[in-house]
Each structure stands twice: as structure tokens, then as C-alpha cells.
Amino acid sequence: RITARMLQGVVFRSPVDTGAYRGNHRVGVGKVDYTTSLNDTANVSTSKGLPIIMQNGGLGKVVYISNNLPYAIALENGHSKQAATGVYAITFKSVVDSLR
């Protein structure tokens with residue numbers, strides 16, 4: 001459930017221009033999913049990612065949430081007014097803080 005909250009958080013916090021960044025958050029269990037698609041939407045990120053987390057994640061499993069678009073690192077480093085503090089780091093900190 002915690003990992004699912006993290007996925008939903010990065011999708012929600014993603015800046016939107018064309019929607020491609022929001023639609024390219026990928027989930028992999030035990031390995032990074034490097035796929036991308038400029039046609040995917042936020043619904044695809046969650047509708048594909050959440051079942052992977054719920055069915056294959058779990059205690060002791062390493063779950064990767066990533067975005068492999070070329071400009072994803074720039075967005076994480078604050079190169080968007082919509083996400084000036086990034087997306088992943090702030091989401092993960094928020095989820096962890098909510099558990100304390």
C-alpha cells in the first residue's frame with residue numbers, strides 16, 4: 001500500500017504540458033521498466049502500475065518506480081514551475097513523513 005501511495009503521488013505531482021511525463025511513470029518489481037510511450041496518460045501510469053505493485057510487490061521485494069523520458073531528470077531537478085521542488089523526492093519524503 002505504501003508503494004501504491006508513492007506511485008499515485010508521483011503521478012499527481014507531475015507537471016503537465018502534453019501529459020507525456022505524467023503518463024510515463026513505470027513500475028518494475030526486481031528490475032527497472034525502461035519502456036516509454038508518448039501516448040500514455042496518467043491513467044495508464046496508475047492502471048498498469050498499481051496491479052504490478054499489488055500482485056508482485058510485497059515484503060522484501062524491491063519495487064522501482066521510474067520515468068525514462070529524456071527530460072525526467074531535469075524535471076526532478078526543478079526545471080518546471082509546476083514542480084519546482086521535483087516530483088519523486090518530494091513524494092517519497094511526503095509518504096515517509098506521513099508514516100511517522
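1. Which residues does Leu7 touch, not counting residues up to four places away in sequence? In this predicted model, where local features need pLDDT of at least 70, side-chain atom pairs count only at pLDDT 80 or more, and totals for chains, interfaces and linings use all residues, Leu7 touches His25, Val27, Ser45, Thr46, Gly49, Leu50, Ile53 and Ile65, contact meaning heavy atoms within 4.5 Å. Residues are numbered from 1 along each chain as its sequence is written, and side-chain values use heavy atoms, with hydrogens and water left out.

2. Leu7 is also one of the residues that touch the most other members of the largest nonpolar core, which has 16 residues; such a core is a set of buried Ala, Val, Leu, Ile, Met, Phe, Trp, Tyr and Cys residues joined through side-chain atoms within 4.5 Å. Helix H1 (2–13), helix H3 (72–76) and helix H4 (88–98) each supply at least two of its residues, and H1 gives the largest share, 4 residues; helices are DSSP runs (H or I) of at least four residues, strands (E) of at least two, numbered from the N terminus.

3. His25, in strand S1 (residues 25–29), counts as buried because its relative accessibility is 1%, the cut-off for buried being under 20% relative accessible area (1.4 Å probe, protein chains only). The His25 side chain makes polar contacts with the side chains of Ser14, at 2.6 Å, and Tyr88, at 2.7 Å; a polar contact is a pair of N or O atoms within 3.5 Å, where within protein one must be able to donate a hydrogen and the other to accept it, and residues adjacent in sequence count only if both atoms are side-chain atoms.

Technical notes. Buried < 20%, exposed > 50% of the residue type's maximum accessible area, 1.4 Å probe, protein only.
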